[in-house]
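Here are some brief notes to read alongside the model. They cover a cavity, a helix and a helix pair.

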Amino acid sequence: MFSQTIIRSATLISNRCIAYTQNGDPTQVLTAFTYPKLPSPPPSTVNLKFLLSPINPADVNTIEGVYPSKPTHTYNLAVSGLGSKGEPVFVGGNEGLAQVVEVGEGVKGLKKDDWVVMDRPQLGTWSTSRNVPFNSVIKLPVTGLTEAHGATMTVNPTTAYNMLDGFVKLQAGDWVIQNGANSAVGQLVLQIAKERGLNTLNFVRSRDDSSLRSLVEHLESLGATKVLTYDDLNDKSLRGKVKEWTGGKDIRLALNCVGGEPTTSMAKLLGQDAHLVSYGAMSKKPLSLPTSLHIFKNLTSHGFWQTNWSKTHSRTEKEELISKLAGMMKEGKIQAPRHQIITISAQESDKEATEKIRDVFHRMAEGKFSQKVLLKLEEPDV
């Protein structure tokens with residue numbers, strides 16, 4: 001893996017990152033600190049300026065040390081605070097949008113000012129600038145995208161697209177069933193399914209009438225065919241309603257990010273030779289499936305993790321996927337997620353920036369953000 005070495009120099013300080021030296025609670029271990037201007041890139045690498053980077057739920061798990069994808073240490077990132085004694089640090093951030101500022105000798109397919117997204121996990125996107133191998137990023141093939149589109153392209157949209165594309169050969173008019181329909185991935189499933197002419201049966205948590213009505217209207221605007229609550233799964237008449245809605249056509253693909261009893265009930269609505277794809281477990285409860293579904297309906301259950309998909313597919317396949325998604329975004333077929341940008345300004349000290357980022361994670365833990373949080377780090381005034 002590639003590691004970065006930066007020479008300490010008080011006269012060249014112009015960067016900042018959010019990092020940690022040990023796993024733990026993000027509100028306790030994350031620290032903002034400054035580091036020097038990047039030297040010219042070595043051969044086969046590029047210097048990047050990060051424009052916008054999401055804070056995803058998996059980032060929290062990564063910092064806590066419980067996520068399977070582990071970041072790589074960065075050494076000698078030493079100016080103040082963390083790394084002042086030369087100890088290795090982890091720079092946070094897995095996903096993000098960056099702009100190429102300089103290319104090293106031997107770099108192919110990239111030039112100054114190109115927008116790129118990450119092709120390898122845990123590259124440390126919560127930074128103002130980084131030096132990375134050129135084959136660790138993918139150039140966005142179209143212009144005219146928003147920064148929010150680019151910053152959020154490689155995790156949720158790719159997950160939604162690949163789950164719809166990789167397990168069942170679906171045709172226009174077919175049905176897909178999913179829980180967590182109002183999640184980030186769930187909303188992307190709706191938009192991509194709509195573009196493909198697919199119908200969707202969607203489940204969400206119960207809430208007060210006004211909130212539920214507003215949510216249903218939003219999901220329908222994205223392409224949802226039917227929106228129900230998990231409580232509706234207990235309605236004995238639901239099976240008949242589903243048969244009426246689908247015209248008796250079997251539902252052959254279910255997408256699960258919840259687990260627990262709601263997923264068990266949802267699976268019972270599937271038809272013959274169906275596939276249940278699990279990509280999350282928000283309820284933190286085990287998934288239990290009746291043996292009869294496997295014996296008599298030949299149900300197949302899968303797990304899906306986009307990181308594994310990226311590891312097992314060629315660069316050409318990944319570039320083609322990014323190109324498809326970018327084109328859909330530019331054409332307005334995929335909306336940027338509702339988001340809030342948190343800016344670490346150039347004028348804030350490392351101490352102030354540390355307090356701000358820890359407060360962001362504290363508020364996230366309390367559920368005080370109703371939108372995706374995107375992080376923008378400005379080059380510090382030092």
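What volume does the second largest cavity have?

1. In this predicted model, the second largest cavity has a volume of about 40 Å³. The structure holds three cavities of 30 Å³ or more.

2. The residues that line the second largest cavity are Tyr-20, Asp-59, Thr-62, Ile-63, Pro-71, Val-91, Gly-92, Gly-93, Gln-122 and Trp-126. Sorted by class, this lining has five nonpolar, four polar and one charged residues. Helix H2 (residues 57-64) gives the most to the lining, with three residues.

3. Helix H8 (residues 260-267) has six of its eight residues buried, so the rest of the structure largely encloses this helix. The buried residues are Gly-260, Thr-263, Thr-264, Ser-265, Met-266 and Ala-267.

4. Two packed helices are described by the angle between their axes and the distance between the axes. For helix H4 (residues 156-166) and helix H11 (residues 315-330), the axes come within 11 Å and cross at roughly 105°. H4 and H11 are therefore roughly perpendicular to each other.

5. On the H4 side, the contact is made by Pro-157, Thr-158, Tyr-161 and Asn-162. These meet Leu-321, Ile-322, Lys-324, Leu-325 and Met-329 in H11. By class, the contact of H4 with H11 has six nonpolar, two polar and one charged residues.

Definitions and conventions: Residues numbered from 1 in each chain as written. Predicted model: local features only at pLDDT ≥ 70, side-chain atom pairs only at ≥ 80, totals over all residues. Heavy atoms only, no water. Axes fitted to C-alpha atoms, helices over the stretch in contact; angles between N-to-C directions. Helix = DSSP H or I, 4+ residues; strand = E, 2+ residues; numbered from the N terminus. Parallel < 35°, antiparallel > 145°, perpendicular 65-115°, else oblique. Contact = heavy atoms within 4.5 Å. Nonpolar A, V, L, I, M, F, W, Y, C, P; charged D, E, K, R; others polar. 1 Å grid on protein atoms, 1.4 Å probe; cavity = no way out; pocket = protein on both sides within 12 Å on 5 of 7 lines; lining within 4 Å. Points joined across faces, edges and corners; volume = space filled by probe spheres on them. Buried < 20%, exposed > 50% of the residue type's maximum accessible area, 1.4 Å probe, protein only.
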